[in-house]
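Me: I have a model open and want to talk it through. Can we go through it piece by piece?
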Number of protein chains: 2
Amino acid sequence: MPLPTTLHLKWAVLIAQKKKHLLTEKPVALNVAEFDEIVRACEENGVQIMDGTMWMHHPRTHKMKEFLQDKQRFGQLKTVNSCFTFFTDPDFLKNDIRVKPDLDALGALGDAGWYGIRSILWAADYELPKTVTALQGAVLNEAGVILDCGASLQWEDGKKATFHCSFLTSLTMNITAIGTHGTLHLTDFVIPYQEQEASYTASAKPGFNELVTGWEPLPSEHTITVDLPQEVCMVREFATLVQNIKKKGAKPDMKWPTISRKTQLVLDAVKASIEKGFEPVEIVN
Amino acid sequence: MPLPTTLHLKWAVLIAQKKKHLLTEKPVALNVAEFDEIVRACEENGVQIMDGTMWMHHPRTHKMKEFLQDKQRFGQLKTVNSCFTFFTDPDFLKNDIRVKPDLDALGALGDAGWYGIRSILWAADYELPKTVTALQGAVLNEAGVILDCGASLQWEDGKKATFHCSFLTSLTMNITAIGTHGTLHLTDFVIPYQEQEASYTASAKPGFNELVTGWEPLPSEHTITVDLPQEVCMVREFATLVQNIKKKGAKPDMKWPTISRKTQLVLDAVKASIEKGFEPVEIVN
């Protein structure tokens, strides 16, 4: 369903009522209340819903997760910093649906921030943060649509994360996830530099050499060659879930809508924090 | 002068009064008031002061600056994210001078945060931010010494930055500086991976290919081979300034103490913001 976010609720519910399975653009909804209405319609009609966060389906993402789960090499996750920004031209900033309050009202937060929030939740095994605090200095256009913002997230166990999203700065898409023992790093998480292969850097128990003039061991770069673009992997995953329902009588899989809902909850909290003048906002699940 | 920060004021003033030039460990002082006392003693006695932020003297740092100043390729600086963390063992966390309130009372903020703050000021041409807001979730030990913290910085022109420093997570030292047109990135800014060469990545006017399955152009990696470790470059710079005073009758150079003072001002503001419960603190020069 490739429609402006404002139209998602109406059309997603209609699609579900027609018993059609639903692969939807992100953000799924304008807020979690609308999100829940959409998912309820899908559940009532026995159809699958999955959001179109394509990088989740790249084989690299699965390999990186193995490193994050390696207690020996990575340890316990402590910090994630994520950034997804791209530079848009004056025409975009005047006319694109993503700067219009009646179309994609969540602006850069919905379009780019969604990926950053998802990357943090992904690294944190989808454990929701306790508190979200938007960073000072968010940029909104005259209509109140976010063009650039960031936030810090805090978990009850002391984990922390930040993300930054923007329509106003050069194309940048970094994740740095830092554990007690290791660091995961990549700079093209949303759309890899190349279709045929994708890399990330893993640093496990790094330290300095004796004279503190270099690192030992050096971080290692890992490259995954891929047969299919991540978008194809995403559609294949969706088709498998739909097949399970159609051919095997399975119920719609709740893994993806659960992850989508958490992303939407954090997104809502960032927006609320900006509206409250950058005060901390508690996540209520 | 390799002494715990608490002893800097007393010994730095005595050294200056003995007409000895002063290459001091960072942080230079516990706060900007002490800093100013030290610099006053140096000025009154005609001696040079420079702080030991060694990565500032690496040839790579100068090359990266050229990219940041390239209006065509990098554009206008908008955002900097900097991170310097390292994992310390239980013995460090119990006994190191950097966790003792009567020795290096600024903890991780003074030891690692100093470099992060400096990297942001360096990228911003040493223009001071207007406001500093510490990020929620700072970790302090029982004696009140900072073990892990971060902050967001805001400038009057809309520039923004964040940094994170820690004794509690794996060795990580990234700078991402994002302009309107380009991005500068490196992951070993304080101590390069190797002594003989050092790299950074420059991305200039990046975009996507036609099918949005890759980037065009790809970021370029730049490697600088070096003759001397950055510590030697630092001492050489200091020696040159001292020679200018001794042999040519020059006055002490104010470039480095001015940069040190700005670093100390931001550091003070981060500390004040943590003490005020993560409220924004205005920088008063």
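Me: How many bridges join strand 10 of chain A to strand 13 of chain A?
Reply: Six, and the two strands run antiparallel. Strand 13 of chain A covers residues 220–225. Bear in mind that this is a predicted model.

Me: Which residue in strand 13 is the bridge partner of Thr201(A)?
Reply: Glu221(A).

Me: And strand 9 of chain A, in which sense does that pair with strand 10 of chain A?
Reply: Antiparallel, over four bridges. Within that pairing, Thr183(A) stands opposite Ser203(A) of strand 10.

Me: Is strand 10 of chain A mostly covered or mostly open?
Reply: Mostly covered. Of its eight residues, 197–204, six are buried.

Me: New topic, the two chains. What area is buried between chain A and chain B?
Reply: About 4000 Å², with carbon and sulfur atoms giving 64% of that. On the chain A side, Leu171(A), Tyr193(A) and Trp215(A) lose the most area to chain B, together 17% of what that side buries. The contact takes 49 residues from chain A and 49 from chain B.

Me: How many salt bridges are there between the chains?
Reply: Two. One of them joins Asp148(A) to Lys160(B), with the closest N and O atoms 2.2 Å apart.

Me: What about polar contacts between the chains?
Reply: 24 residue pairs, both partners at pLDDT 80 or more.

Me: Which strand gives the largest share of the chain A side?
Reply: Strand 8 of chain A, with 10 residues. The residues on that side divide into 18 nonpolar, 25 polar and six charged.

Notes:
Residues numbered from 1 in each chain as written. Chains lettered and ligands numbered in written order. Predicted model: local features only at pLDDT ≥ 70, side-chain atom pairs only at ≥ 80, totals over all residues. Heavy atoms only, no water. Contact = heavy atoms within 4.5 Å. Buried area = accessible area lost by both parts, 1.4 Å probe. Salt bridge = Lys/Arg side-chain N within 4 Å of Asp/Glu carboxyl O. Polar contact = N/O pair within 3.5 Å; in protein donor to acceptor, adjacent residues only side chain to side chain. Nonpolar A, V, L, I, M, F, W, Y, C, P; charged D, E, K, R; others polar. Buried < 20%, exposed > 50% of the residue type's maximum accessible area, 1.4 Å probe, protein only. Pairing = 2+ DSSP bridges.
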